[in-house]
Amino acid sequence: MPRPLGDAEARAVDGFAGWHAFNAYVTQFHTPHPGNSRENGRIRHWIASQLHEFQQQALDNKITIDVIANDTTKTQVRVDWFLKDEYWFCDSRNVMARIHGSDPDNGNQTILLNAHFDSVPTSYGVTDNGISVAVLLELVRYYTTHQPKHTIIFLFNNLEEGGLIGAHTFAAHPWFNTVNAFVNLEGSGAGGRALLFRSNYYTGVRQLARSAATFVHGSPLGNDMLKRGLIKSDTDYSVFTEHNVPGLDIAFYGPRSMYHTPRDSLTFIKPSAVQYMGEVAMGVVRSLDQLGVLPEPADEPVIYYDFLGRYMVVVSFTAYQVLNVLALLAAPLVGIFLGYKKRPQDGVPQSVRAYTWDTLQGFGVAFIIFVSMVLSLAIASALMMALHPLVTYASLEWVIVYLSLTAWTTMVGIVAALHHFPKTAAWMDAEPEILMRGMNAIWWLLVLLAYVLGTVELSAFYYAIYFLVFGTLASVILQVVDASSRFRIPVAFLVQFLVPFVFMIQLIDLGMISLRHSTVDGSSETMVYLMPSLAIVLAVFSLLYWVQKAGHHKQALKVSLVFLALSFVICLVAPRFDTEQSPNKIVYHEEYNATAPTSTVTLRTAHGVDTIRSILDSNELETFQCLKDHEGLDVCTYNTVRRPVYATLAPEEEHAFQWQKKCKSGTCTVQGTFSTKNTLICRIAFEQHASSIQSAWINQGEVLSNVPVGALISYTDGFGKVVPWGITFAEDAPPPRGRFSCFYDEWINGELPAFLAVRDGMSMDAIPLIRGEGLAMVHYRDLDF
């Protein structure tokens, strides 16, 4: 992690002032600020005030900055967040600044920097996404004295947590049409390293790799995992790329256990995380700005990954495939050369045939060992998931040790067993290099698989080429270098093992951080085992030749079995959750029918039923029940007298709702208005006969015609604002029926006592959260048209 720089240090090196960004900006995110809260409005106005100050400073330096603090854009988005065919009609709370470029040739080209400023209701929103907002503000401040060549738009968008609403809104704004490329900054967890985890922009990733950023961290697996739904999240990146604008998605990614929870707060982050994100963002933007004329917006599939967090490899998918093909062709040619080199007196055909036969023997043994290792890890993983599910959540480090010892013990055991067969033992002892050739044949097949996946733009085996290239080089060293040289063996070992091993360690680390805490969100624990298991198999298997060379296999097997048994026992007793990095996340939601005596709370958990029971009182326990959902999670409900305050004290004063119906010429039109004092988000849901609706509208948005409408949701830019709405349907059709409901997300001052009871009642190894908006939903009235 980089050391955060103060203002003077940053000016001296023309770098990013992380200390200033932390102290001046990040500290503002001290209270949950979901889109449906008064705190959200405070954050919005604070951002606008900062931009107006920068605008004046830039003017003093003859730099033009446009600021839009009250965006009038409205948007309509189908989200399907709560119900099918759900349409959100939203007022914008986006805040924008545009710094005009100095170069007349580049000034009409625009780079977009984006960060959402809202949080989920249960989070203080420091990592998600206060740090990113702070980075953008610090970059605006930087550019008030360092005019860019290109025009740069800084978008602080709202309601990302409600379904990427702010990005959809900006896509309808006139400024969006000028954007050539974007950089999206995001966050989950509690700081740490920022990862480039998605991109379709070769030019942008290449410029990041060439930038002055000291630390660069990236993996193409984010593209693969999000395409396959293995990570249950999304970002504004998806919205911009849907509109054919290329860009980069850079985000904090761990520990995910803090994601969307009250622990995403100032307590759990460090200024070094701000410096890390700031250096990366500044690096890529400055590098793009210095490039000159940017390419026209286009989808450029790209492979990128870092080595030790310091160096980034960037290749286009086309170049990646070419390299794979070259490796697939070159490795056999090197084998032919080595075959002739070994037996030149036999002539080319005979020596190549002999070398090929030896290689096939080695491949047969290596293949048996490799498959056995894969099967043993599958059995070991299935056994641990059956005996101690979710141990990976808090104790994945021990599971990694257990799986590594499983793979190692399997390999050593089979090598020891093969020595019981005299013929096999004879050639393995006499010519162990044959085993190296067999391993290289496995690597060749892995590169072939990487090439096949690359044809559909999947990069899961981007590292395969390193195993084949360095394995082949090791074979050359072992055969070409004189056997009496004391450097022959150590050099061959380092060449064959070191670089691929580093990539596997990085892959294990990435999987541990990004996947271990995803199981309580509904992701399969199988995926948590799969990613590190793959890396473990490849890393341990690459030691096969050296294990054979070392000898003493029976003794090694005995020691390995002891350590394997010990690791197995440790995993069985290891905790599933802890109070530090891995608290159990329990998803909260509440629904209340206005004027009813109780509210209904729903809690969704992977392994927390006993925790929930322990925090309920005797009356709540009487109605407590749990069922399994389609993802295998426990969904528990209970009734409580702790009801939403705003809807309980005076519901008739909290909301106003009216409508009237007129039928003419076979068509009935229902029009009405509503307003609420303490929420910005309300919904009219059509729960019966929704198919009768011919057209619908709300919040002065576009009229929906001849499309299925399950619900109309309004997000307004002001409490108490009157919202018009309406529907039409055929007079002879069954009239729609539904409910008028509103969401409530403020709880800091006791507005949602049921949520506070859950939060305060939980032990330190459990924590409540919600994804999106609507911590509590209040149903105010049934609608029968």
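Predicted model: local features only at pLDDT ≥ 70, side-chain atom pairs only at ≥ 80, totals over all residues.
Visitor: How is the aromatic pair of Tyr25 and Trp46 classed?
Guide: The ring centres of Tyr25 and Trp46 are 6.2 Å apart, and the planes stand at 55 degrees. An angle under 30 degrees would count as stacked and one over 60 as edge-to-face. The pair is therefore classed as tilted.

Visitor: How many residues apart in sequence are the parts that Tyr25 and Trp46 tie together?
Guide: Both Tyr25 and Trp46 are buried. Tyr25 lies in the loop between helix 2 (18-24) and helix 3 (38-60), while Trp46 lies in helix 3. The pair therefore ties together parts whose separation in sequence is 21 residues.

Visitor: What class does the aromatic pair of Tyr545 and Trp546 fall into?
Guide: Tyr545 and Trp546 are both buried. Their ring centres are 4.7 Å apart, with 85 degrees between the planes. An angle over 60 degrees sets the class, so the pair is edge-to-face.

Visitor: Which ring has Arg38 over its face?
Guide: A charge counts as sitting over a ring if, among other conditions, CZ of Arg is within 6 Å of the ring centre. Arg38 is at 4.3 Å from the centre of the ring in question. That ring belongs to Phe719.

Visitor: How are helix 16 and helix 17 oriented to each other?
Guide: Helix 16 (residues 488-515) and helix 17 (residues 525-541) pack with their axes 9 Å apart, at an angle of about 170 degrees. Angles over 145 degrees fall in one class, so the two helices are roughly antiparallel.

Visitor: How many residues of the contact of helix 16 with helix 17 are nonpolar?
Guide: On the side of helix 16 the contact includes Phe497, Phe501, Met504 and Gly511. Helix 17 contributes residues including Met527, Val528, Pro532 and Ala539. The contact has no charged residue and one polar residue, and the number of nonpolar residues is 15.

Visitor: Which residues of helix 24 are buried?
Guide: Helix 24 spans residues 753-761. Among the elements covering its buried residues are strand 12 (584-593), helix 20 (609-615) and strand 24 (766-769). The buried residues are Ala754, Phe755, Leu756 and Val758.

Visitor: Is Ile250 buried or exposed?
Guide: Ile250 is found in strand 9 (residues 247-252). Not counting residues up to four places away in sequence, Ile250 touches residues including Val183, Leu185, Leu196, Met277 and Val280. Its relative accessibility is 1%, and the limit for one class is under 20%. Ile250 therefore counts as buried.

Visitor: What is the distance between the C-alpha atoms of Ile250 and Arg198?
Guide: Ile250 and Arg198 are 52 residues apart along the chain. The separation of their C-alpha atoms is 7.3 Å.

Visitor: What kind of peptide bond joins Asp128 and Asn129?
Guide: Most peptide bonds are trans. Asn129 is placed in helix 4 (residues 126-143). For the bond from Asp128 to Asn129, omega is about 20 degrees, and the bond is cis.

Visitor: Is Gln700 buried or exposed?
Guide: Gln700 is found in the loop between strand 19 (693-698) and strand 20 (704-705). Its phi is positive, about 60 degrees, although Gln700 is not a glycine. With a relative accessible area of 59%, Gln700 is exposed.

Notes: Residues numbered from 1 in each chain as written. Heavy atoms only, no water. Phe/Tyr/Trp six-rings, centres within 6.5 Å; stacked < 30°, edge-to-face > 60°. Helix = DSSP H or I, 4+ residues; strand = E, 2+ residues; numbered from the N terminus. Buried < 20%, exposed > 50% of the residue type's maximum accessible area, 1.4 Å probe, protein only. Lys NZ or Arg CZ within 6 Å of the ring centre and 35° of its normal. Axes fitted to C-alpha atoms, helices over the stretch in contact; angles between N-to-C directions. Parallel < 35°, antiparallel > 145°, perpendicular 65-115°, else oblique. Contact = heavy atoms within 4.5 Å. Nonpolar A, V, L, I, M, F, W, Y, C, P; charged D, E, K, R; others polar.
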